[in-house]
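Work through the exercises below with the sequence and the structure in view. Try each task before reading its solution.

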Amino acid sequence: MATAVGLARRSPGEARERDRFDADLAWLPEAARRLADPTPVPATVRPALTALHRRIAERMAPTSTGAVPRNGR
């Protein structure tokens with residue numbers, strides 16, 4: 001565990017990343033955080049992610065000439 005001295009030396013970016021890590025870790029159920037025999041958290045794909053994937057795939061699809069659009073255009 002970090003000491004108060006160690007925290008004082010962190011840059012603002014490092015502190016933000018640590019806070020994000022701590023929040024993400026706290027979100028996990030205790031059974032998933034165990035080091036020995038953890039229980040996996042099932043992943044789900046939500047409709048919004050599926051729709052985003054479809055839009056990106058359509059933008060990046062090769063044209064009739066076989067060229068892939070630059071920058072998704």
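A salt bridge is a side-chain nitrogen of Lys or Arg within 4 Å of a carboxyl oxygen of Asp or Glu. The model used here is predicted.

**Exercise 1**

Describe the secondary structure of the protein.

Solution. Step 1: count the elements; there are four helices and zero strands. Step 2: read them from the N terminus, which gives the order α-α-α-α.

**Exercise 2**

Find the salt bridges in the whole structure and say where their residues lie.

Solution. Step 1: a search of the whole structure gives two salt bridges. Step 2: one joins R20 and D24, whose side chains meet at 3.2 Å, N to O. This value is within 4 Å, so the pair qualifies as a salt bridge. Step 3: another joins D22 to R18, with the closest N and O atoms 3.1 Å apart. Step 4: place the residues. R20 and D24 both lie in helix α2, four residues apart, about one turn of the helix. D22 and R18 are also both in helix α2 (residues 12-27), four residues apart, again about one turn.

**Exercise 3**

Is R20 buried or exposed?

Solution. Step 1: exposed means over 50% relative accessible area, and buried means under 20%. Step 2: R20 has 54% relative accessibility, so R20 counts as exposed.

**Exercise 4**

State what share of the residues in the protein is buried.

Solution. Buried residues make up 4% of the 73 residues.

Conventions:
Residues are numbered from 1 along each chain as its sequence is written. This is a predicted model: local features need pLDDT of at least 70, side-chain atom pairs count only at pLDDT 80 or more; totals for chains, interfaces and linings use all residues. Side-chain values use heavy atoms; hydrogens and water are left out. Helices (H or I, at least four residues) and strands (E, at least two) are DSSP runs, numbered from the N terminus. Buried means under 20% relative accessible area, exposed over 50%, partly exposed in between (1.4 Å probe, protein chains only).
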